[in-house]
Every structure is written in structure tokens, then in C-alpha cells.
Amino acid sequence: MSDLKDMSTEMYRAWETSMTKWWDAVLDDPQFIKGMGDNLSMQSRARKGYEDRVDQAMESMHLPSRKDVVRLARIASLLEDKVLAVEDTLLDQGDTLGRVERESLQARVDAAEALVTVQERLATIDAKLDALTEAVAAMAEPKKPASRSRSRSRKSTPAKKADAAADSKES
Amino acid sequence: MTSLLGRTAQTAKFLAADPVLTAKTGQTPHEIVFRMGKTALRYFPPSPEAEAKRPVLISMPLINTWTIFDLLPGRSVVSKLTAAGIPVYLVDWGRPGDEDEQRPLSYYIDDVLGRMFDRARRHATKHHDTDELDAIGYCVGGTFLSVHLARNPAQAKRVAFVATPIDFHSSERLARWANPDTFPLDTLIDSVGNYPADLMRTSFSWLKPSGQTAKWVGLWERIDQDGFPELWAALEQWNGDNVDFPGEAYREYVRRCYFDNALMTGGWVLGTTPVNLSKAETPALVIGASRDHIAPPTACGGLEKVWGAPCEVKTIRGGHVGICVGSTLAATLIEWFEQPEA
């Protein structure tokens, strides 16, 4: 049985080789190619003629023809093109908004960081001022009596002057 | 060893169950994160166990469905990428209708791909903490991606082009057929609007007629091979599921790429901007398939001559579609994306 299969396969291969050679000669022959082109041309004209007649028949019966349906479908696809153009614009605007949002978010983060930095610096300055005040106070502490007598003498001078002025007015 | 008759009976029984109709493709869990017209951006999350890697955006071809990159479990490029920790965003062009026949090629290359990159990047920023993407293009999807990246170099850090035709005049039979003297491009588009899916399918079958018999013989020969019949059925379903190519986009694509070979020779102004691949700044990997009759390795390798950034060319074994269901493609892509960047 296997021999029979091999034999039939071999026979087929031989047939295929000779047929391929024959087909190659035919299909590459310029006359055949020209004939095929002419035939195609004729068939397409016939098809157009048939379709035109069908359209005419439909129109005469006041029924929508293929042309009418195609016209409607074309309008629908042109509308779809416009919708897509709007979608493109919206997507582009979405991109711009996204970019602006990202940038504004970054700006807010930068501002918050700057605020924290300023607060930290203020706190540092505050702390330094406190330290300075304490230092000044500490420095001032042992010289208290002297400063008191000085202030007293300073205060006494205007008081004396005021008293003198009052005296002169009275006189 | 199954007997000749037994094998035939087994094949008949398999076909009688209508496996092509019932094949389930695109099973890897994912979600649609964005829609633009018929196009959907499908997101495949990475495996949580794997080390997180840079997300990748995949541009699939406009002429077929996306499921060839997720055909069956174990035969899926996207599931292998996600298992390696790569989040995947896949551009599924959907099924253009008659209302799309006036859409210019620049709509697909500039507008749709531009928005897909944008939405993938937004999603990746939210879910993967990165706004960088890599990219993969397959077949015509790769051709579109090459033009887009040359015009927008910042979109991807690295790019891999899989079976992507660039030097269209090296596309062998397809280039001989799609020549301005014999191919009635204007008559065709002016008459039928969108390039019809059934015509696309027929053209590809005629490119290699022996393939039509070979696939049946292949099924008969490997009917008892584990997993092969299921793969065969899924591939058949995908092959038969072409989509219409929007007319005006097709006119410009064929005129500039097949007629003028403008990606190699220049002189193509798409929209209002010239197409110049030498302005590309994204390092690229070109993966060709050794037995590809749609985008032969010579047509893919053309990128190396015109791409403005470093370009590495590799050829792996297989055909145009076969490489997508083998294991080598995913492994090659993962290896490339894991390489340290220059």
C-alpha cells in the first residue's frame, strides 16, 4: 500500500512539474497578459453597465438605489471624520491641561517648599534673637545698680528742669 | 501508516464536516482600544509573567483580514510576541465599503496610521508607562508603514518589515501583470469603484495555479498529521476572505508602486508631501520569505538600497503566508526587538 502511495505521489509530482512549466509559459506570455487585461477591461465595463441599469431601475420605482445608499454612507463617514478631528483637538487640549496641571502642581510644591524654608529661616532668626536677648539680659544683669543710678540721674535732670520751668511760670 | 484508501476516506470525512467554514481564527484575547472608520486598533496585553518590553504596533495588509497573525493557538505571531512580554497594538483595516472608494491613499498612510500610532502611544503611556513604540509591517501594510515612517521618523524606535514589497519591479509575475500597457487600471477603478475582493483572490490564485492542486494533495498527504488539518482549514478560510481595496487608494498604489516603482526611483508626491524613503531614521529589519511569489525576497530587499537608516535583511524559509504560521518569524522578530539599540 505504501508503494502505491509513493507511486501516486511521484506521479503527481511529475504531473505538477510539467503543468507548472506549461502554466509558466502561458501566464508569462505577453499575448496572454494582454488578453487578460482586455478581458478584465470588458468585464469591468459590463459590471458598471449592469450596476447603472439596476440603479436606474430602482430610481424609476422611486426606491433608494445603491448610489443613494453610498452617498448617505459617505456623508456618515465624513461626519465621523469631523468627530475624530474634534476628538483630536480635545485630546490635544487634554494634553495641554495635563501639562499645565503638572506644572502648577510643581509650582505649588515649590511654593510650599519655599514657605517651609522661609519658616525655618524665621524660626532660626527668632531663636537667634531670643539667644541674643538672653545674652544681652545676661550681660546687663551684673551692671544693674550702676545703670539704675545712671537712669535715675538721667531721669532727675528733666524732672529738675520741669520743676524749674514750673517755678518760673509761677513767678 | 494510513492506507491509501483510509487516507482518502479520512480526507473526505474531514472535508464533509465543512472545516473551512467552522475554523475559528483570531482567538488570542484582546480588546479594541480605538476605531477610525472601518479601521480598528486591537490591543493584545503582554503576558504578566514575562519581563516588560517596548510595545509594538503592527500594520497589517489592507487586502486581507488581520487574523493571519493570529490564525490558531500555537500558530499565532501576536501570542508569541505577547508571551515574550511585548504589548501588541494591531491595525486591523476592516472591510472598506463603497463609501470608501474616494478615499485617497494618503488617508490610509497619513491619517489612519498617524492616528493609530497616536492612540497606541497614549494607551501605552497609561498602561505600560512608556510613550515609545516599535513597529512591524506585513505585506502591503509594511509598504504603507515604510512611507509613513519615512515621513514621520519619530513614530517608532525600530521597525521590522515582513514580506513587504518595496522594489515592485522585482515582483516577478505580479510585476509583469501589473504593467501600464496591459493592466486596465483606470477602466477598472472608474467602472467598479473599489478593487473587488473576489478579483483579488482570483488574481492571487492565478499567480501560481499549481498551488490550487498542491493544497489538496498536501491535505491528503498530511491528513493524519496532528494539527495539520485544522491549520489547513484555517488557512483556507483566511485565503478566501479577501477584502475590497478602496478604489482611489488602489489606483494610486498600483500607479506609483507597480507602474512607476516610485519607492525606488522617487518622484511620488503623496497628498502634498514627497515620498522619500531615504529620509527614514528608524533602524529596520527586512524579513523576506524564500518561496514568496507575491513579494519575492528581491522585491523586499529593495528597501536596503533606499532606506535612510541602518537596514538588516534576512530571508526565512517559507511562502508569503506560510511564514506567518511557522515559528521562525515570531522568533526572528523577538530576537530583533530584544537586541540592544545602537
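Some housekeeping. Residues are numbered from 1 along each chain as its sequence is written, and chains are lettered from A and ligands numbered from 1 in the order in which they are written. Since the model is predicted, local features need pLDDT of at least 70 and side-chain atom pairs count only at pLDDT 80 or more, while totals for chains, interfaces and linings use all residues.

On confidence: pLDDT is the predictor's confidence in each residue, from 0 to 100. Chain B has a mean pLDDT of 94, with 99% of its residues at 70 or more. For the complex, the predictor gives an ipTM of 0.80 and a pTM of 0.85.

Chain A comes to 4 helices and 0 strands, in the order α-α-α-α from the N terminus on. Helices (H or I, at least four residues) and strands (E, at least two) are DSSP runs, numbered from the N terminus. How much of chain A is buried? Buried residues are 2% of its 171 residues. I call a residue buried if 20 or more other C-beta atoms lie within 10 Å of its own, exposed if 12 or fewer, and partly exposed in between, with C-beta atoms placed from the backbone.

One residue of chain A as an example: A:Lys21, in helix H1 of chain A. A:Lys21 is exposed because it has 11 other C-beta atoms within 10 Å. A:Lys21 and A:Arg108 are 87 residues apart along the chain, and their C-alpha atoms are separated by 79 Å.

Now the contact between the chains. It takes 26 residues from chain A and 24 residues from chain B, where two residues are in contact if their C-beta atoms, placed from the backbone, lie within 7 Å. On the chain A side, helix H1 (2-27), helix H2 (30-60) and helix H3 (66-140) each supply at least two residues. By class, that side has 11 nonpolar, 6 polar and 9 charged residues. Here Ala, Val, Leu, Ile, Met, Phe, Trp, Tyr, Cys and Pro count as nonpolar, Asp, Glu, Lys and Arg as charged, and the others, Gly among them, as polar.

On to chain B, and strand S4, residues 88-92. Is S4(B) covered on one face or on both? On both: B:Val88, B:Leu90 and B:Asp92 are buried on one side, and B:Tyr89 and B:Val91 are buried on the other. In a regular strand the side chains alternate between the two faces of the sheet.

S4(B) has two partners to mention; strands pair if DSSP finds at least two bridges between them. Strand S2 of chain B (residues 39-44) runs antiparallel to S4(B), joined by 5 bridges, and B:Tyr43 stands opposite B:Tyr89. Strand S3 of chain B (residues 56-59) runs parallel to S4(B), joined by 4 bridges, and there B:Val56 stands opposite B:Val88. From S3(B) the chain passes through helix H3 of chain B (residues 77-83) to S4(B), in a right-handed β-α-β crossover. Right-handed here says that, with the strands pointing away from the viewer, the path from the first strand over the helix to the second runs clockwise.

B:Val56 comes up again in the largest nonpolar core. Of its 101 residues, B:Val56, B:Leu57, B:Phe69 and B:Leu90 touch the most other members. Helix H4 of chain B (residues 105-128) gives the most to this core, with 9 residues. A nonpolar core is a set of buried Ala, Val, Leu, Ile, Met, Phe, Trp, Tyr and Cys residues joined through C-beta atoms within 7 Å. Beyond its neighbours within four places in sequence, B:Val56 has contacts that include B:Leu81, B:Ile86, B:Val88 and B:Phe337.

Next, helix H11 of chain B, residues 247-259. Its buried residues include B:Tyr250, B:Arg251, B:Tyr253 and B:Arg256. They pack against H4, helix H5 (140-151), H6, helix H7 (185-192) and helix H12 (262-265) of chain B. Just after H11(B), B:Asn261 takes a positive phi of about 50°.

Two further residues have a positive phi without being glycine. B:Asp129, at about 60°, sits in the loop between H4 and strand S5 (134-138) of chain B. B:Asp129 counts as exposed because it has 8 C-beta neighbours inside 10 Å. B:Glu172, at about 50°, sits in the loop between strand S6 (159-162) and helix H6 (173-177) of chain B. B:Glu172 has 17 C-beta neighbours inside 10 Å, so it counts as partly exposed.
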